[in-house]
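Please look at the sequence and the 3D structure below before reading on. The report that follows takes up a few local features, one after another.

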Amino acid sequence: MHSKITHAAALALFLATSPARADAPRADGGALFTMTDDAAGNAVLAFARGQDGTLTATGVYPTDGAGSGGGEPVLGSQGAVTLSSDGRFLLVVNAGSDDISSFRIDGARLTLVGRAPSGGTFPVSVAEHGGLVYALNAGGDGDISGLLLDEHGALTPLADSTRPLGSTAAGAAQVAFDRSGKVLAVTEKAAQEIVLYAVDRQGRASAPTPAPSSGAVPFGFAFTIGDVLVVSEAGGGVSGTSAVSSYAVDGVSAEVVSSSVPNFQRAACWLVITRNGRHAYVANAGSGDISAYRIDRQGELTLPPGAEIAATLPGGKPLDLALAGGDAFLYAVDASGHSIAGFSVGDDGALTPFASGVSGLPASAVGLAAK
C-alpha cells in the first residue's frame, strides 16, 4: 500500500509541474526517461520529445522494485537507466531490492515486462548488447552478473556469469560494452582502476583485468566507434582538477592515448560521446557546468578555448547526461534545480541552452536515457 501511495503522490506532483500542454510542439518520436530511485517503490518518469527538443510528461511507470532512496549521492554511478542496443527496451536498476526491471518502449510510453535478480547486491549500473545484459553490483565485495533479454523484453539470469570486480573495495561506477559487445568495462572510483572483461560466445565474462586509471576517481565513460574508451575523472590528474582521459582498448588491454586532460572544473562525473565520436561532454557536478572535449580519429582529446565551461545549469548541479535527436540535443538532470536542462548541439559541438519544459523532479531522481 505504501508503494502505491508513493507512486500516486509522485504522479500528481510530476504531472502538475510538467503537464501535457495543448500547445506542445509536435512530437518527433523521441523519448527521454529518468527514475525516481524511491526506496518505497522505484519508478520511471517518461517524456515525449518535440521537434524543437522540448519535453512533455507522458507518465510514471513503477518498476515493481525498490530504489536506494538517495539518488546520486548514494548510487554514485552512470548507467542506472539504459536503453537496449535496438532501442526497444529500457533497463532500470533497483538498488533497494537487488534486481533489474525491463520495460517495452512504445513511443514515449512504457510497459513493464518484468524484473530479475541482479546477481549481487545494490545494483548501480546496467548494460546491454544484442540481448546480453550485465548488471554492476556495488554492494558487498561487488561483482558483475549476466542476464539474457529475450525478444519480448523478459530477463533471465545467465548461469555461471557472476564475476568479481578488480578490487573488493572498488567503489564501482559504471558497466558498459564496447561497440562489438566482446568486451565489458567497469570503472572503480575507490580503487582508481578501469577493469576489462572479455565476453565469450555464450555471453560469459572472463576474469577481471584491471588497469590503473590515468587520473583520480574514474567515473563515467563511453566507447568511440573506434573502441577508444573515454573516461571522466572526478578527482582529476596531477593538477587536482577534474579531467578526462582516453584509452585504446584491444581485448582486455588498455593503452593510454590522452592522459588526464584537465578541464579546471570540479567533480567531472557523467560523460557521453556523440555518435560520430568527435565530441565528448562531461558533467561537472561540483562546479555546476558542462565541459566539451574534442576527440580526433586516434582518440586524442583536446579542450578548445572556452570549452571548459561549454554550458552552465540554472540549478548548478548536473548529473546524468543523454544525447538525442541524432545528437541535435543534449539533456542533463539538474539535481539542485529538480529539473532537466536542455541544450541544442551545434555542428562544431557548441551548446546553446533552451527550456526543456521539465521541472518538479523528485530530489532523488537519477539516471537518464534518450532515444
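## Two hairpins

S6 and S7 form a hairpin with 2 residues between them, and Gly 107 in the turn has a positive phi of about 65°. Strands here are DSSP runs (E, at least two residues), numbered from the N terminus. S6 and S7 run antiparallel and are joined by 8 bridges, and two strands count as paired if DSSP finds at least two bridges between them. Within this pairing, Ile 100 stands opposite Ala 116 in S7.

S5 and S6 also form a hairpin, with 4 residues between them, where Asp 98 in the turn has a positive phi of about 60°. Strand S5 (residues 89–94) pairs with strand S6 (residues 99–106) in the antiparallel sense over 6 bridges; Asn 94 stands opposite Asp 99 in S6, and Leu 91 stands opposite Ser 102 in S6.

## The sheet around them

These strands belong to an open sheet of 4 strands in the order S4-S5-S6-S7, with antiparallel pairing. Strand S4 (81–83) and strand S7 (109–117) stand at the edges with a single partner strand each, so one side of each is left without a neighbour in the sheet.

Of the 8 residues of S6, 6 are buried, so S6 is largely enclosed by the rest of the structure. Buried means under 20% relative accessible area (1.4 Å probe, protein chains only).

## How the model was read

This is a predicted model, in which local features need pLDDT of at least 70 and side-chain atom pairs count only at pLDDT 80 or more, while totals for chains, interfaces and linings use all residues. Residues are numbered from 1 along each chain as its sequence is written, and side-chain values use heavy atoms, leaving out hydrogens and water.

Notes:
Buried < 20%, exposed > 50% of the residue type's maximum accessible area, 1.4 Å probe, protein only.
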